[in-house]
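Here is a walk through one model, helix by helix. Keep the coordinates open as you read.

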Amino acid sequence: MPKDLFPVAPAATFIVANCTALDYAALLLGGPAAQKRLRKLVDELTTAPMLNRRHHRELDALEDLLALRHVHDDERIEAARFAAIDPCDPVVEEICMLLDGLQEARKQEIWLV
């Protein structure tokens, strides 16, 4: 089916519009593996007409990364990468704004269903 018959998901719009900042945040917080995962999601969201279950799982993982949900687990890379960030670095505020924007975009999707 043609892509333009479906409304574009607000989360997809947000991800594509902020892909550069999200790419840096993913690398900073989760390393190269998280960055690669985000880039794959961005590629898929630019071509997918609608979000599917896998996209929602990837968005959940991105939200977890930005929300620092796993930094307490010493077995995960997020703990070490988070410990290396200076709390006064302006990137901390940018990550918070990215998280807020992603959460707001995902809330808007409820109204589209």
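Glutamine 35 sits in helix 2, residues 19-45. Helices here are DSSP runs of H or I with at least four residues, numbered from the N terminus. The model is predicted: local features need pLDDT of at least 70, side-chain atom pairs count only at pLDDT 80 or more, and totals for chains, interfaces and linings use all residues. Residues are numbered from 1 along each chain as its sequence is written, and side-chain values use heavy atoms, with hydrogens and water left out.

Glutamine 35 counts as buried because its relative accessibility is 13%. Buried means under 20% relative accessible area, exposed over 50%, and partly exposed in between, with a 1.4 Å probe and protein chains only. Neighbours within four places in sequence aside, glutamine 35 contacts Asp23, Ala26 and Leu27. A contact means heavy atoms within 4.5 Å.

Now the packing of helix 2 against helix 3. Their axes lie 11 Å apart, at an angle of about 160°. Helix 2 is therefore roughly antiparallel to helix 3. Axes are lines fitted to C-alpha atoms, for helices over the stretch in contact, and angles run from 0 to 180 degrees between N-to-C directions. Under 35 degrees counts as roughly parallel, over 145 as roughly antiparallel, 65 to 115 as roughly perpendicular, and the rest as oblique. Residues of helix 2 that meet helix 3 include Leu22, Ala25 and Leu29; on the helix 3 side, Leu62, Leu65 and Leu66 are among them. This contact divides into 13 nonpolar, two polar and five charged residues. Ala, Val, Leu, Ile, Met, Phe, Trp, Tyr, Cys and Pro count as nonpolar, Asp, Glu, Lys and Arg as charged, and the others, Gly among them, as polar.

Helix 1 meets helix 2 at roughly 120°, with axes that come within 10 Å. That angle makes helix 1 oblique to helix 2. Ala12, Phe14, Ile15, Val16 and Ala17 in helix 1 face Cys19, Leu22, Val42 and Leu45 in helix 2. By class, nine residues are nonpolar, none polar and none charged.

Which residues touch the most other members of the largest nonpolar core? They are Ile15, Leu22 and Leu66, out of 27 residues. Helix 1 (10-17), helix 2, helix 3 and helix 5 (90-112) each give two or more residues to this core. Helix 2 supplies the largest share, 10 residues. Such a core is a set of buried Ala, Val, Leu, Ile, Met, Phe, Trp, Tyr and Cys residues joined through side-chain atoms within 4.5 Å.
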